[in-house]
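Biologist: I would like to learn how to read the pockets of a protein model, so could we go through them step by step?

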Amino acid sequence: LSYTFELRNDDSDALYALDPELAGAALFHFFVNGPLLLNEAEGQDYRADAAEIVSPEPFDHWDPSWFSRIPPAQTMRRTVRLSGYPHLPPGTYRARLRYAGPVNIRQEQRHLADGRYWLGPVDSDLVSVTIDE
């Protein structure tokens, strides 16, 4: 599954957000869990349960190199490719992504000279996705 998301910084501060291009898709998936797809006709939901997930070592580790700076009123657009989704039958789906980052960044570490770390979570709007044969 390949999906594209866009984060917009509506804050007055520059924000550092978890970036899948810097963290890698598998580690990004550890924090974000990939999009949830709901087939409305079947009432069946699909998620990347079997995808390769890389957890930080140690478990509560985080690294500033995983984040990109987003200035106020700017956006970051990224495409992520994940394996592990089952075969998705043709149909119309509703999709939602819960975006989050490491939550174990101590309060005194969250503010930088040129911005601050954004931890989330935030849910995307529901979007409609059609899968053809």
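Biologist: How do the residues lining the second largest pocket divide by class?

Modeller: Rolling a probe the size of a water molecule over the atoms shows where empty space is left. On a 1 Å grid over the protein atoms alone, a pocket is an open set of points where a 1.4 Å probe fits, with protein on both sides within 12 Å along at least five of seven lines, and lining residues have an atom within 4 Å of a point. Here the lining of the second largest pocket divides into six nonpolar, three polar and five charged residues, where Ala, Val, Leu, Ile, Met, Phe, Trp, Tyr, Cys and Pro count as nonpolar, Asp, Glu, Lys and Arg as charged, and the others, Gly among them, as polar. This is a predicted model, in which local features need pLDDT of at least 70 and side-chain atom pairs count only at pLDDT 80 or more, while totals for chains, interfaces and linings use all residues. Residues are numbered from 1 along each chain as its sequence is written, and side-chain values use heavy atoms, with hydrogens and water left out.

Biologist: Which residues lie nearest the centre of the second largest pocket?

Modeller: Among its 14 lining residues, these are Val-32, Asn-33, Gly-34, Leu-36 and Arg-47.

Biologist: What lines the largest pocket?

Modeller: The largest pocket is lined by 27 residues, with Phe-5, Glu-6, Leu-7, Leu-97 and Ser-124 nearest its centre. By class, this lining has 18 nonpolar, four polar and five charged residues.

Biologist: With which residues is Tyr-99 in contact?

Modeller: Contact means heavy atoms within 4.5 Å; leaving aside neighbours within four places in sequence, the partners of Tyr-99 include Phe-5, Leu-7 and Val-32.
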